[in-house]
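Hi everyone, thanks for coming. Let's have a look at the model I brought along today.

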Amino acid sequence: MHDFPLFLDLHGKDVLVVGGGQVAWRKVQALHKAGAKVRLVAKRLCAEIAASPIDHVAEQFEPKWLDGVWLAIAATDDELVNEAVAKAANERRIWSNVVDQRALCSAIVPAVVERKPVTIAISSDGQAPVLARRLREKLEAEVPQWTGALAALMGRFRDKVASRLASFSDRRRFWEALLDGDTGQQLAKGDIAAAEAELEALLAGENRRSGWLKLVGAGPGDPDLLTLKALQAIQAADVIVYDRLVSAAVMNLARRDAHFISVGKEKGLHSVPQQEIEAILVREASTGKRVVRLKGGDPFVFGRGGEEVLAARAAGIAVEVVPGITAAAACSARTQVPLTHRGLANQMTLVTGHCQPGGEDANWRALAQPKSTLAIYMGLTQSSHIADELIAGGLAAATPVLVVENGTRPEERRFRTDLGQLADTIAREQVQSPALLIVGDTVTLYQEDK
Ligand SMILES: C[S@@+](CC[C@H](N)C(=O)[O-])C[C@H]1O[C@@H](n2cnc3c(N)ncnc32)[C@H](O)[C@@H]1O
């Protein structure tokens with residue numbers, strides 16, 4: 001058996017609810033939201049129902065209370081009453097729902113995601129309500145909040161568009177062009193006037209879609225660690241300029257028809273020089289394309305994101321930065337080694353171990369502080385020097401270190417060591433980039449199997 005999905009217009013229509021507890025109250029609220037007139041039968045009323053404006057007609061259910069109603073909902077914990085409601089409703093051809101008793105229902109209430117006026121209803125035909133709820137949570141996270149504003153905008157302009165574009169296929173093309181454009185971005189910012197202007201311009205035949213540039217943090221590799229904004233930008237992008245640290249799992253979320261430009265930076269192998277990357281970003285964004293510069297971790301943590309923002313500004317291109325989860329936060333969470341912890345570390349430093357040719361090395365001796373965690377990025381090659389300097393600065397050779405290679409990715413590896421043995425551990429285990437070094441007493445909290 002498979003149910004027929006249907007949305008009911010219950011405005012001003014009578015609906016019977018049998019039951020006066022919290023479950024009934026949730027149904028009453030949903031029915032009021034849909035504009036229904038609720039008629040209630042219940043022995044006892046919970047405080048919320050008692051305080052609400054409701055037509056409490058009787059304490060006991062009798063079939064006569066179904067007279068004139070369009071729908072009946074039984075939400076009592078008395079199976080006999082629930083059965084009686086379902087039976088009497090079926091005899092009168094009135095749709096009925098009995099909460100949590102699928103076999104008695106002629107109508108089931110789906111899990112819903114609301115972006116008014118858009119409603120997404122999910123049903124598992126009563127077989128897996130927990131799965132339906134899980135899907136709802138997923139959609140709640142993935143369907144942008146501005147979807148409702150977009151639908152409302154389309155509704156407001158429907159007649160106008162229909163009067164200008166006579167054929168159905170022209171209208172469909174128009175709406176699709178609107179959806180492919182920047183309207184969603186404008187609505188996300190709450191700029192309804194700009195969204196309407198965009199629609200009017202498109203209707204007037206001015207194809208003036210403006211491009212944008214977003215520096216997007218792709219996080220450490222696990223695609224579930226992307227922010228919602230990052231996911232939306234990736235899926236809207238015409239062009240994705242990415243580097244080596246962006247995982248394949250994240251890249252798979254992009255549109256298949258997007259244009260991918262690899263600027264694969266690898267230590268010692270800067271395949272595309274920074275200035276050239278900036279020139280690519282400016283060139284692509286200037287031609288009205290939606291450009292995502294996708295960077296591992298967070299764009300502003302050892303990601304040269306600042307330089308790209310300055311280049312965009314200099315070229316007069318509006319740029320937005322979408323943060324990502326930086327390797328230190330991700331590796332710390334994955335390994336359950338906190339970066340700060342009462343009694344063990346009251347400060348933390350994110351520092352790079354990779355020093356530009358001719359550039360300044362970090363002042364490791366000054367960083368050798370008690371009750372402090374160091375999260376060292378790009379520290380593999382210089383690990384011996386870094387450990388020597390930290391020890392010379394006053395840290396014990398026994399200071400614990402956790403090396404996390406490919407944190408949050410399927411191939412992740414971790415090695416618990418100490419400053420005295422750091423370089424040997426890295427060499428022996430052939431640790432590869434990307435790897436993060438966490439140095440400090442919070443590493444004592446590390447457990448192998450976590
Ligand atoms: C050029 S930096 C970029 C950092 C990035 N913007 C961030 O916020 O994580 C590259 C370094 O970040 C660290 N890193 C990035 N992703 C990592 C991961 N998944 N696991 C461990 N370390 C990572 C490594 O130290 C790597 O060499």
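A word on annotation before we start: UniProt positions are given in the numbering used here, feature names are shortened, and annotations may be inferred rather than shown by experiment. With that in mind, an unreviewed UniProt entry puts "domain: Siroheme synthase central" at residues 115–141. That stretch is 48% helix and 22% strand, with its end C-alpha atoms 12 Å apart; helices (H or I, at least four residues) and strands (E, at least two) are DSSP runs, numbered from the N terminus.

Some housekeeping: this is a predicted model, where local features need pLDDT of at least 70, side-chain atom pairs count only at pLDDT 80 or more, and totals for chains, interfaces and linings use all residues. Residues are numbered from 1 along each chain as its sequence is written, and side-chain values use heavy atoms, leaving out hydrogens and water.

Now the ligand. Around it sit 20 residues, the closest being D298, V301, T326, G407 and A435; a residue counts if one of its heavy atoms lies within 4 Å. By class, that's 12 nonpolar, 6 polar and 2 charged, with Ala, Val, Leu, Ile, Met, Phe, Trp, Tyr, Cys and Pro as nonpolar, Asp, Glu, Lys and Arg as charged, and the others, Gly among them, as polar.

Where does the ligand lie? Domain 3 (212–325) and domain 4 (328–445) both give residues to the shell, so the ligand lies between them; those bounds come from an automatic or database domain assignment. α13 (327–335) and β19 (435–439) each supply at least two shell residues.

Finally, a backbone N or O atom of G296 is 2.9 Å from a ligand nitrogen.

Definitions and conventions: Polar contact = N/O pair within 3.5 Å; in protein donor to acceptor, adjacent residues only side chain to side chain.
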